[in-house]
Amino acid sequence: PMAAVSNPFETPDEFSYVVLIVQGKKLHVDKKEFVDLLKMIHPGFTRIRASTVSHIVKLSHQFQMKSILDHCQHYLLTESTINVVEKLILADTYNLQKLKNECFYSIDCIKKYGRRSVVPSTPLFLML
């Protein structure tokens, strides 16, 4: 089971475009972000992209969609266009332990051996 977190969706903000009512509670979500999440569960789903992974992780965690969260973690482990620090923030925020461990490993290699020692084909390689 996923850990309970405070619900940032219960309070509207300037980015809320849609109000969903789930079990009698109003959830304020960005329409485009929610559509991206829905595409993930639709047959023939859309691939995760660097531009969508952050909000798909956030929503899949919020709505306890573990298979999508796992898919996002796999994407983040293999995607090299996203900075390792951004990955670490997502891993820490949404308890993606495997990703967090890989980020620490990548950062540790850079600290020990310098940036040039991290082979570009390493999944989490990116300059800090």
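In what order do the elements of the chain run from the N terminus on? I read off β-β-α-α-α-α-α. I counted five helices and two strands in the secondary structure. I kept in mind that this is a predicted model.

**Confidence**

I looked up the pLDDT next. The chain averages 80, and 77% of the residues score at least 70. Which elements sit at the two ends of the scale, lowest and highest in mean pLDDT? Strand β1, residues 18-22, has the lowest mean, 82. Helix α3 has the highest, 95. I then checked residues 117-128. The pLDDT there is below 50. Beyond near neighbours in sequence, that stretch still has 35 contacts in the model.

**Chain totals**

I noted the burial. Of the 128 residues in the chain, 38% are buried. I also looked at how far contacts reach along the sequence. I took contacts between residues at least 6 apart; 42% of them join residues at least 24 apart.

**Helices α1 and α2**

How do α1 and α2 pack, by angle and by distance of their axes? Helix α1 covers residues 31-41 and helix α2 covers residues 53-62. I found an angle of about 75 degrees, with the axes 9 Å apart. Angles of 65 to 115 degrees count as roughly perpendicular, so α1 is roughly perpendicular to α2.

I listed the residues that meet. From α1 come E33, F34, D36, L37 and M40. From α2 come H55, I56, K58, L59 and S60. I sorted this contact by class: five residues are nonpolar, two are polar and three are charged.

**Aromatic pair**

I searched the whole structure for aromatic pairs and found one. The partners are F34 and F63. Two values describe such a pair: the distance of the centres and the angle of the planes. For F34 and F63 I noted 5.9 Å centre to centre and 70 degrees between the planes. Plane angles over 60 degrees count as edge-to-face, so this pair is edge-to-face.

Where in the chain do the two partners lie? F34 is in helix α1, and F63 is in the loop between α2 and α3 (66-78). They are 29 residues apart, and the pair links distant parts of the chain.

Is F34 buried or exposed? I looked up a relative accessible area of 18% for F34. The cut-off for buried is under 20%, so F34 is buried. F63 comes out at 26%. That value lies between the 20% and 50% cut-offs, so F63 is partly exposed.

How values were computed:
Residues numbered from 1 in each chain as written. Predicted model: local features only at pLDDT ≥ 70, side-chain atom pairs only at ≥ 80, totals over all residues. Heavy atoms only, no water. Axes fitted to C-alpha atoms, helices over the stretch in contact; angles between N-to-C directions. Helix = DSSP H or I, 4+ residues; strand = E, 2+ residues; numbered from the N terminus. Parallel < 35°, antiparallel > 145°, perpendicular 65-115°, else oblique. Contact = heavy atoms within 4.5 Å. Nonpolar A, V, L, I, M, F, W, Y, C, P; charged D, E, K, R; others polar. Phe/Tyr/Trp six-rings, centres within 6.5 Å; stacked < 30°, edge-to-face > 60°. Buried < 20%, exposed > 50% of the residue type's maximum accessible area, 1.4 Å probe, protein only. pLDDT = per-residue confidence, 0-100.
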